Structure formats: structure tokens, C-alpha cells
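Me: Please look at the structure below, and let us go through it by question and answer.

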Amino acid sequence: MRLIELSRSEHSGLRIRAERVTASAANQHLIPIVVSEFRKAAIEYPIVFAKHPETGRFAPYVLNGLGVEENLFWSGTELDVAYVPLNVRRQPFYVGMNNALCIDLEHPCIDPTGQKTIVNPDGSDSAYLKEILTILGELVSAKEATEQFIAAALALDLLAPIRLDIVLDEEKPLQLQGLYGVDEDRFRQLGEREVAQLWKAGYLDLIYSLLIASGQVFKLIRLRNQRTALGRAWHSNAR
Amino acid sequence: MGRPVRSICIVGGGTAGWLTAAIIAARHGGQAGCGLQITLIESEAIGIIGVGEGTWPTMRSTLKKIGISETDFLRECNASFKQGAKFARWVTGRESDFYYHPLMLPEGFPGLDLAPFWTKFSDEHADAPSFSDAVCFQEAICELGLAPKLITSAEYAGVANYAYHLDAGRFASFIREHCVKNLGIRHIVDDVTGVVQDETGDLAYVETGKSGRLGGDLFIDCSGFRSLLLGGTLGVPFQSCSDVLFIDRALAVQVPYENEQSAVVPHTLSVAQRDGWIWDIGLQNRRGVGYVFSSSHTTTEAALEVLQAYVGTRHRDLQPREIKIVPGHRQTFWKRNCVAVGLSAGFLEPLEASALVLIELTADFISTMMPATRENMDIVAKRCNETTHYRWERIIDFLKLHYILSQRTDSKFWIDNRDPGSIPESLAEQMALWRYRAPGDQDFMSNNEMFPAASYQYVLFGMGFRMDVSNLPLERSFGSAQRAFTQNRMLKEKWTRTLPKNRDLINRIKEHGLQKI
């Protein structure tokens, strides 16, 4: 990764191959999301919380795999999902210090054969760049809301470590560690006043999204088992 | 139904008073409505001794139980992480001489006992690692100055077992605030001017300077060395153990760090000296250093020179505080309706940080055994006395163990310490058995043990004790032992690579806090 601040004049010739944008997610088992994405993400992925290794602070992620660096939604060429998280779609752009727009010049989607350009011939921002700026804007503005939601959930002890003992087909049991989710028992025990506060803050929607999303773990297990079966068939054919 | 116990009066507001109040209130607190009423009276005029700066890992569960966030505690009490003790120059007195008493059990212990395997190996190999290094990965972490956990570890959870170093003055006021704000304890700042007994001899009330009479069904004496209620009013005599443990003076000094980012040593350092030893404890903002010595072997002036030489000429201007210690304890800890906790019960040199843990254990005993009636109190008192006596005896034995194996001959202090007449019979018996097998759980059968058998192993083998293992059947578990040694090497490799520096973790916690989960 080589992040530098984007210059519309200096980088005017850069071209992006849109179909490669998601490639960076190919081996990410966790992709960070923000609260405004919860409902959309819940139709596809389990949503979990994990701690930042440098600060210990919680952030929400979609879970793509059952092992480190495993993305079961990656088909080999694309993400086979109905909803792609903002943090994937905004690639190869980043928000740097002081909200400066930055670009990763080593991202595989930057390629002279790409269709997308950053600026129009007249020097104005391209429709593509405008779309990127909208995505980055949403990520920045939802950051604080996400932190507030986590603080509220922690204050009510609503998060707990996820204990998933998964036994995959003919494999060793697998244990996911360092992931947290809604403590459903604790949630059901909340008093009326606390629930009313959650509702007013718009947090009930988020909590139910998380609860629904938790069922998507079964999808990951199914995808993993399919992959194992495919692998086995491949090996037996090869022999 | 007899006379119910409804109110508790705690006299003294140091660490002992406030910690005891918190532990009892967390269980019997008034918030629920049916609880005991707890009053604590402390004097503004009398300061606290506050030398107890090292805890045991028990402090983690104690703090958690009384409802304190570890992040708040670390931030407010200048606290840091402690992973056991490093004893330097205890064996031969040479510069290179040291061993560790870590806070983790040897790999596989107690199901598997690595001590005889290590003994056999080190009998045959001159370059064998030390016992603590061979069986436990904590020594390697400590030597590198690493913390016992990660910023992603939850509060009170760790990668390696740990305790704390804390600022005792800050700690007492931190617990006080929690007690008054959150645990419903009545706090009275006043001087106790008299103690009055009823016709049966029970304590009835204490007279105060301006708050009138304060009564209670149970009195807890946390008045420090004065032992105002138990030793004073109730006349329970003091039982000295100065015939076993010779340390009776401390010179304590607070040493500033070179700068704000100086390393914080993640263990207690105990450096043997001519007539005693020096403790060196790293807090966030300073070190606490003190020389404890035997006044029958040296003078305060000579001791001052030793301490000054240790802290270095940069700190020439620091004014050490002298504290007289009478090693020992009260003959009875709970008499009538009065129980002593903390220095009022007794004190020993802080070689294994036994002061704070005894407060926790006694307060916990009082709390869980809280008599429902005055009549039941005598039964509880009897049990408390048995348990507490047992604990003091075990601590005295264990402290003495540190001295009897030293090979130092540079002063009468060390030679006198090896005099068989100064060694308790219980310890001498254990030593006789351990000539031919390692300390094990079979040697410590009580539910009230202070130190696990593993602690005896660390000190014994650290002090260079050799066991005759020629008659032990070792073949049977040879494979498991090999696996355990390998496992320890793996853990050492993994965690020395992963854990942050002690100072670095403290900085991160101050900035971001630890998560509760």
C-alpha cells in the first residue's frame, strides 16, 4: 500500500478498472462498516464487533470467513454478494489526516486499461470521483454515530464475546476468537425505560439488524463446507 | 432469635479500613434495603502508613467484586502491573545472582511436577536454565520489561497472571470515594477520644471529638499499629516473631523517574543487602524504594548509607522516612465483638507482599461469615482466629524460607538467619521431607493456604536447594515432562514477541481505557 494525497492535476491521467476494486477484499475475513450500513449488511453477512489492536476500542465489521484472511464470498474474481460495504467500494481512495483525499497507488485496480477516470477532460471531478466522495463522506459522517452506538451498547453491557463452536464437515472444530456480538439474554432483560431510550436514539433498529445478521453464520458454514467439498473433489480428480 | 447484628463500626480509614468497608458493603450493602449499616470513622490528624504498595493477584477479583473498573483504578492510583518478584543477590550476594518467584504455576502443575525432572537435568548439565525460567514463561517477560496483557485484553483478564504495584495513599482515597459514593457507607471524619465497653465487656461505642457516640454491633479495628480497640481496650497481647524474622526497621523513599517515559519494571525487585534487603517498586509516576533491615545487626546511619548507595547520588536530597516494625501479630484477632484487620492485627516485612492480601482475606472472611446474631459471633470469631493464625504461621514459614538457604557469609545477619534455633519446627519438618521430593499439594492440606506448593518450589530451587531425586520414579512421566518443557519454550517465544512494554500498555490504557469485556 502506498498512500499519497490525491492531486487532480498530477493524477489526472490515472485510470481505474472498476471490476478490480473489490480485489483488496479477497483475503479479508473482517471488513469494517458503519451503523448506517447495518441493515443492508445484515442481509448478507454476520455483523460482529472486534477490538482495534492498537487501542482496544470496539468497531463493527462484517464477517466474511471462519478463519483469518478467509473471505468465503470471494469467487476468485469478484465478491458474490448483494451488498458491498462502503469500505470496499471506496477503494482505492482513503481519507487521510485533516480529511485530505488520498489514493493507494499500489491498488491493483489502478491500471492504464481502466474505464474510469478521476477528472473530466475539462478538469472537473468525474461522476466516478463524485460517487467516491459521497461514499467517503458517508463513512466520515457515520463514524461518530457508530462510536456513539457502541458506547451506548457497552454502557448497557449489551455486548458479549461470541462463543461459536462450529464443527465443519470432517474437519476439526473451529473456534472464532476475539469477536463480540449482542448479548441477547441481557437485551431481553432491559427495562422499559432503557428500551424506550434505545428506540428514541434509533438503536433498536441497529440491535435487531445485529440479531438478524447473526444467523448469517450458517451461510458462512455452508460456504465453507461447499469449498471443502470442492477442494476434495478436485484433489481426488487430480489423483 | 438472639440479638441481631445490624451495624458495623470501622475505626480507621487507611487501606485496611476502606478496603474492608468496601468488601463487606459489596456483599451486605445498604442499597438493597436489607443490608448492614456500615460506618467508618477516620481521623484527620492521624495519617496513614501507606507502605503497602504491592498486591497479590487476588486484588483483581477483590476490585472486580466491589464494583471498580480496572481502568479507573489504574488511572487514579498510579498503578502498574506486577508479575511476581525478582530476588537479587540472595543466594551468594554476587552481582549476577538472581531468581524469580513468578505469579504463574510451573507448566503442567500440579498434575505434572517438573521439579524432579529439572533437578535431574541440571544435575547433569552445568548450563541448564534456572528452575523458574525452565518451567514458566513469566520470567522471560519480566526480564524484557513486558506487560502481562494486551490493550485488547478485557479488564482484569490477562495473558499472564498479574497483580499490581499501587500508590497506597491514592488507593485509600480512591476506595473511600467509591465506598461513600456507590456503596452507601457512612463516613465520619473525627478523632476517637475514648472506647467504652458494656457490662459484658463487649465494645458498646466509641467517643468522638465532635460527632458524639458511635455504636455498633461489630467493631472492626483498622487503627494501624496502635491497635486501639483490640490491643488497647480489649488488651489482646502482641505475639512477636522477631526470633524468626529479624527485620524490624524500614527506611522508605520515593524516587522520581528520569523522565515521564522511563520504563516501569513489571515485577517487584528485592535486592539483598548486608543486613536486610531493599524493595524497589515501579509505579507510573515514581518508584517506591525502601531498605528493611535488622536493628540488632546494623544502625540506622549505616542503613541510610546503603539506601543512598542504592538509589544513587542523583537522589542525595531525598528524605527517607523511618518506620519501626515489630514483626508479629496479635495473639487473638477477633475478641468479643471486635476484629482487627490490617496493621492492627500485625505486620511482617513486605518480602512477599502479604499485608494487602491479608486485609482482603480477613475482610472476605468477615463478609462471608458475617454472624447473624451476637450469639453466633463467638463461633465465627473462633473460626476466624484459627484461620488467621494458620495464615500468619504459613507466611512466617514462607518468609523464613527465603533466608535459610542463603550462602551469604558477609554479615552476622545472614549467618544468624540460618541458625536452626530460629527456624520454626513446621518449616524444618518440611525441609527434611523436601530433601527427597519436591513440595506438592500433599504438604499443604488446608483450605486456607497462603502460598501454593509451586511458590515453595520457586523459592527453594531459586535459592539453589538441591533435591536427591535418585529414588524417584521419573520414567513414567518423562514424555509429559518433555512436552511441558517444550510448551514453555513455545509460550516464551510467542509472548515475548507479542506483549507490549509495561509503560507502553499503561500509556495506552490511560488514553483509551480497557474494555470491560
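Me: What is the count of salt bridges between chain B and chain A?
Reply: This is a predicted model, in which local features need pLDDT of at least 70, side-chain atom pairs count only at pLDDT 80 or more, and totals for chains, interfaces and linings use all residues. Side-chain values use heavy atoms, without hydrogens and water, residues are numbered from 1 along each chain as its sequence is written, and chains are lettered from A and ligands numbered from 1 in the order in which they are written. A salt bridge is a side-chain nitrogen of Lys or Arg within 4 Å of a carboxyl oxygen of Asp or Glu. Between chain B and chain A the count is two.

Me: Which residue of chain A forms a salt bridge with Arg508(B)?
Reply: The closest N and O atoms of this pair are 2.8 Å apart. The partner of Arg508(B) is Glu54(A).

Me: How many residues does the contact take from chain A?
Reply: Contact means heavy atoms within 4.5 Å. Chain B gives eleven residues to the contact. From chain A the contact takes 13 residues.

Me: Which strand of chain B does a hairpin join to β16(B)?
Reply: Strands are DSSP runs (E, at least two residues), numbered from the N terminus, and two of them pair if DSSP finds at least two bridges between them. Strand β16(B), residues 286–293, pairs in the antiparallel sense with β13(B) over eight bridges. Another antiparallel pairing of β16(B) has seven bridges, and there Gly288(B) stands opposite Ile281(B). The hairpin runs through three residues, and the strand it joins to β16(B) is β15(B).

How values were computed: Buried means under 20% relative accessible area, exposed over 50%, partly exposed in between (1.4 Å probe, protein chains only). Helices (H or I, at least four residues) and strands (E, at least two) are DSSP runs, numbered from the N terminus.
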